[in-house]
Amino acid sequence: MKALLGIFGFVIFAPLAGGILCGLDRIVTARMQGRYGPPVLQSFYDVLKLFQKQNLVVNRFHGYFLFCFLIFLIISGSILYAGDDFLMVVFALTVADMFLVMAAYSTNSPYSFIGAQRELLQMLAVEPMLLITGIGFYLAAGSFDIGHIVSVGKPLIFKMPGIFFGLVYVLTIKIRKSPFDLSTSHHAHQEIVKGLTTEFAGPTLALVEIAHWYETILMLSFVFLFFASQPVVGILLAILIYFIEIIIDNTNARVKWQFTLKSSWIVTLLFGGINLFILYILK
Amino acid sequence: MSFLKKSPWIIHYDGSSCNGCDIEVLACLTPMYDVERFGIINIGNPKHADVLIITGAVNSQNASVIKTIYHQMGDPKVVLAVGICAASGNFFRDCYNIKGGVDTVIPVDIYVPGCAARPEAIIDGVVAVLKLLEEKTKK
């Protein structure tokens, strides 16, 4: 029953919270640039507008692929909020991303191709850290089970600060913020930076937007898991981390993919790997 | 209810403009005017855009480009001709390579006068476009 409630809560409230968070992101970004910024609900207006637009379909499969992308993201989040296996969450997330890449490849556009290739590189950069996070939870809490991880008395951040740093590092890639927004950028950028989404129009682009809301909330939930024993502190810190991501987004220029891959693997190995090693010895 | 009014996304194409109007279009995005207040974004991708802003007159080389951009945009869409050159070709209209205003190639919905068109006039034009977008959505 509790698991069902968790899934229901995620499916309903994640897009609402994600949308408002994206709206706040745009306001904060505008204020940092000395502008006033759009209303908080702007992301919802954008998506509702996209549903009213004509659906320009390049390939008859791309809509289905994007729908699968959204569905698998929801499944991934549902597994997390049902308190099930952490590894399954990571794997479902990978499957979701694969569908996004396939959708981009199906459109036969050079911009989409570059975006899709960069998305694959980003997955390559992110996946090891997500898996190390899972293994870290197992060593620190004694189980991959999220229900068990949440019920551990002390915040897990004290046992795995290195893994936490590594996760926050790859979080920038995952929520598509500068300097790592290679495959597609969330803010209004042009041409090649729009990458993956270049050929998606109208309702199909709206699906990508909604998926982005789910993804943001899912990634911030990973951050929350480190402070799960203190829920209020956890939520506040997750919001703080998002704020830090906005600052990083606004103060950094986009880097090359080589740097993205190398730096994220170095951080993964150094912080994640060493933290994991210490956890293993202390166990 | 039409949500197009709340989030018109713009693509800006420079015909054979002298860059005067281009700079004014971009000035709308700066902190001074900040059109993102109204949800307006310069998206730069015809498939995502709702409003096509063209500055400068149309010449024989870019006529096909303008047509392509126009046809790549999904309905409902509107075209905004910014500046006197985009409206009629201005004093370039007798040049051997100039076809005239934007309306010689694609249908134009709103004309914004001026040389160069002031940002206030451009914002005024976009507001007029919003009303038109709502009417087009109802159809």
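Reply: Chain A holds 10 helices and 0 strands, where helices (H or I, at least four residues) and strands (E, at least two) are DSSP runs numbered from the N terminus. This is a predicted model, in which local features need pLDDT of at least 70 and side-chain atom pairs count only at pLDDT 80 or more, while totals for chains, interfaces and linings use all residues. Residues are numbered from 1 along each chain as its sequence is written, and chains are lettered from A and ligands numbered from 1 in the order in which they are written.

From the N terminus on, the elements of chain A read α-α-α-α-α-α-α-α-α-α. The C-alpha atoms of chain A occupy a box of roughly 55 × 45 × 40 Å along the principal axes. For 283 residues a compact globule would have a radius of gyration near 19 Å, and the 18 Å of chain A agrees with that; the radius is taken over C-alpha atoms, and the globule rule is 2.2 Å times the number of residues to the power 0.38. Of the 283 residues in chain A, 49% are buried, a term that requires 20 or more other C-beta atoms within 10 Å of the residue's own, with exposed meaning 12 or fewer, partly exposed lying in between, and C-beta atoms placed from the backbone. When contacts in chain A between residues at least 6 apart in sequence are considered, 75% join residues at least 24 apart, a contact being two C-beta atoms, placed from the backbone, that lie within 7 Å.

Where the two chains meet, the contact takes 25 residues from chain A and 20 residues from chain B. On the side of chain A that touches chain B, the largest share, 6 residues, comes from helix H2 (residues 42-52) of chain A. That side of chain A is made up of 9 nonpolar, 9 polar and 7 charged residues.

Chain B, which holds the part you asked about, has 4 helices and 7 strands, and along its sequence these follow the pattern β-α-β-β-β-α-β-α-β-β-α. The C-alpha trace of chain B spans about 45 × 35 × 20 Å along its principal axes, and buried residues make up 48% of its 139 residues. In chain B, residues 24 or more positions apart account for 81% of the contacts with a separation of 6 or more.

The part itself is an open sheet of 5 strands in chain B, in the order S2-S1-S3-S5-S7 and with parallel pairing, where two strands pair if DSSP finds at least two bridges between them. Its edge strands are S2 and S7 of chain B, each of which pairs on one side only.

S1(B), helix H1 (residues 20-27) of chain B and S2(B) together make a right-handed β-α-β unit; right-handed means that, with the strands pointing away from the viewer, the path from the first strand over the helix to the second runs clockwise. Because 5 of the 6 residues of S1(B) are buried, that strand is largely enclosed by the rest of the structure.

S1(B) also runs parallel to strand S3 (residues 51-55) of chain B, to which 5 bridges join it; here Leu52(B) is the bridge partner of Ile11(B), and Val51(B) lies opposite Ile10(B). H1(B) packs on the sheet, touching S1, S3 and S5 of chain B, and its direction makes about 145° with that of S3(B). Helix H4 (residues 119-138) of chain B packs on the sheet too, touching S3, S5 and S7 of chain B, with a direction about 160° from that of S5(B). These axes are lines fitted to C-alpha atoms, for helices over the stretch in contact, and the angles run from 0 to 180 degrees between N-to-C directions.

Further across, 5 bridges join S3(B) to the parallel S5(B), Val51(B) being partnered by Val78(B). In strand S5 (residues 78-82) of chain B, 5 of its 5 residues are buried. In a regular strand the side chains alternate between the two faces of the sheet. Both faces of S5(B) are covered, with Val78(B), Leu80(B) and Val82(B) buried on one side and Val79(B) and Ala81(B) buried on the other. S5(B) then pairs in the parallel sense with strand S7 (residues 110-112) of chain B over 3 bridges, and Val112(B) in S7(B) is the bridge partner of Val82(B).

Note on methods: Nonpolar A, V, L, I, M, F, W, Y, C, P; charged D, E, K, R; others polar.
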